[in-house]
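Have the sequence and the model open side by side, and let's take a walk through them.

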Amino acid sequence: MAQIRIENLRKEFGAFTAVESSTFNVEDGEFFMLLGPSGCGKTTTLRMMAGLELPTSGRIFIDDEEVSKKKASQRDIAFVFQMFALYPHMNVEKNIAYPLISQGMPRKQVRQRVSEVANILGIESLLKSSIRGLSGGDRQRVALGRAIVREPKAFFMDEPLGALDAEFREHMASELMSLHSRMNATTVYVTHDQLEAMQMGDKIIVMNHGVVEQFGVPQQIYDWPATMFVADFLGSPSMNFLHGNGTIASASTQVKMNETTINIPRQTETMEGEFAVGVRPEHIQLDDAASLRCAIKATEYLGTTQIVTATTEFGEVKARVASNLDVTVGAQTGLSLISDTITVFNKATGKALLSEANKAVLAHG
Amino acid sequence: MNFSVTEPSVRTKWFAGITVVLYGLITIIPLLWIIATGFKTSEDAISYPPKVVFKPTLEGYVNLFTTRTRVNQDELEDLPPPETWYEQLVRDRGQVIASPSRYGERFLNSLIIGFGSTALCMVLGTAAAYAFSRFRLPLKDDLLFFILSTRMMPPIAVAIPIFLMFKNLGLSDTHLGMIMLYTAVNLSLSVWLLKGFIDEIPVEYEEAALIDGYTRFQAFYKVVLPQAATGIASTAIFCLIFAWNEYAFAVLLTSGNAQTAPPFIPTIIGVGGKDWPAVAAGATLFLVPVMVFTVLLRKHLLRGITFGAVRK
């Protein structure tokens, strides 16, 4: 298994820059998520790591060996495609055996490896069937089989669950995770689904417009987003922003917006101009006594919780509250925020201001 | 009673069935007439009213493959007895076989040129279509348009330049020349058709193969080719039919050596009266290779024509 190091990786397609100078490490055995909206450069990054695209500049190391200009086949990696890319003119067994045959492995050994893999994935009974008749999930298993049969240094997966329907995606996600914990193979996984990324990833890298926005473990990224984009992209509903204007001084623990004062973690940075106070929906409580006033606009019932949409003078806010709380649409009430979870953003740069609370997470990046 | 929306009613089924049969008959009757004429005597072939029921004879086929001279009764009696059934057949008509005709040779030329140009066209066409489909090429769209534009006028419009060119290059009346000519004419069509088929094959298949340790060329012939087989087969049929039936260039550019069957068949008419059964026999035999080829690839052809119509 392998450690992967990416240094200043950049890719241009003509005048369009798909990936701007990215640098990050994937540790040995990690389940690594490349997360971002479509067109953010995550797939291009993965394809460069796999050798399906050549980088414009920058370097890629797999186990300290530079592979930037090497052919895909020489990198000893496996790739799982979104639409599986199983060879339709071969049956399941041949599909799984294909990479081994290309390496010139003896027939007998190939058959043995294939049956081992089929056993791991629970597809022994499918070996002789044709690809055309398989369900999406079984195709996905065969595609995984073709990847793991070679015992490569790393697995690269490009939205492998994207082609499955929602119900089955859950199931395959847990199958993938248990497979990963059993094999402990370095895996780089591209997805645009933030839930999938947080659910499965050991580490997440969030990309936007070809730029790495943030890099870290899921909880850190969720709790302490480095940019407004990350704050907005992760979480459903996403982080709320209360928009204000003024000065935020270093060491201040309060921000004053019109008549309202909001407590925030002690700041270690100073800024002046437009800012946004970011708070997660679950860190907002309905409190009639609070000074931040609002009008309830709508409620969505979600079983154990409900999402309350409220209008404040600083913008619309969504709060996640217990579903047994009685909330009347149209009512006037107040919102109290859990102050030590708040991040303040400079709207001009889109970046989070450093505070005592997020310093530890954001200082290194 | 069946109220299904998708199942046609009995009346619709009958109507559709009868239409198909009628259309089939209209299409096939001229063909059957040619085949039948090949087995008639010269008199039956031009009799009026036309004979539907007749006594079949192989005279047309014998005439097709031989040249004969007329001899008078005395000379005929002096000859040794005929050794073969076809010699007998000819003598019954007061003739003797002078030599074999050149039909066999012409037919062989047709096979060499027709299948040769089709094969060449498929090799070049698939390679070009693959490049157009998969690689970022400078001026790709312009090149594709340029290739198509060679089909915007009838090929025969450039007959004179081609005639002069062939003469200067020593390609006139050679197999190679005709193969190259038919390939050039067919290539634009095959590049366009094949590009469509190859576009339909997801590029991920090749990428998977590249990662699995195959070279680009191996990925091409082990993964792309088997999947493009349908497209290649149907394109090959179109190319073969053109090259096989081409008449005008064949008349213009071939004579003694590389002449194909289409310009040869009408020349039968000029030799010793209008021998329609021989012409019909020549046409019938000429049909066989294309028919065999098409029947062999029929499965692919049907799939090829509807390829890409429905997203799988």
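First, some bookkeeping: residues are numbered from 1 along each chain as its sequence is written, while chains are lettered from A and ligands numbered from 1 in the order in which they are written. You're looking at a predicted model, where local features need pLDDT of at least 70, side-chain atom pairs count only at pLDDT 80 or more, and totals for chains, interfaces and linings use all residues.

Compare the elements of chain B and you'll find the highest mean pLDDT, 95, in helix α6 (residues 103-134), and the lowest, 66, in helix α15 (residues 298-306). Helices (H or I, at least four residues) and strands (E, at least two) are DSSP runs here, numbered from the N terminus. A contact here is a pair of residues whose C-beta atoms, placed from the backbone, lie within 7 Å.

Now turn to chain A and look for an open sheet of 4 strands, in the order β2-β1-β4-β5, with antiparallel pairing. Strands count as paired if DSSP finds at least two bridges between them. β2 and β5 (65-66) of chain A are the edge strands, each pairing on one side only. β1 (residues 4-13) of chain A is joined to β2 (residues 16-26) by 7 bridges and to β4 (residues 57-62), again antiparallel, by 5 bridges. A:Arg5 is a handy landmark: its bridge partner in β2(A) is A:Asn25, and in β4(A) it stands opposite A:Phe61. Further along, A:Glu12 stands opposite A:Thr17 in β2(A). The hairpin of β1(A) and β2(A) has 2 residues between the strands, and A:Gly14 there takes a positive phi near 60°.

Where do the chains meet? The contact takes 17 residues from chain A and 13 residues from chain B. On the chain A side, β6 (77-80) and α2 (92-102) each supply at least two residues. That side has 13 nonpolar, 4 polar and no charged residues. For these classes, Ala, Val, Leu, Ile, Met, Phe, Trp, Tyr, Cys and Pro count as nonpolar, Asp, Glu, Lys and Arg as charged, and the others, Gly among them, as polar.

Over in chain B, the domain assignment gives domain 1 (42-101) and domain 2 (104-306), with bounds that come from an automatic or database assignment. Their C-alpha centres lie 38 Å apart, and the contact between them takes 10 residues from each of domain 1 and domain 2. On the domain 1 side, α2 (42-46) and α3 (59-65) of chain B give two or more residues, with α3(B) giving the most, 6 residues.

Finish at helix α11 (residues 216-245) of chain B, which bends by about 55° at B:Ala229; the bend is the angle between axes fitted to the seven residues ending there and the seven starting there. This helix has 30 residues, but its end C-alpha atoms are only 37 Å apart, short of the 44 Å that a straight helix would reach at 1.5 Å a residue (the expected span is 1.5 Å times one less than the number of residues).

Terms used:
Contact = placed C-beta atoms within 7 Å. pLDDT = per-residue confidence, 0-100.
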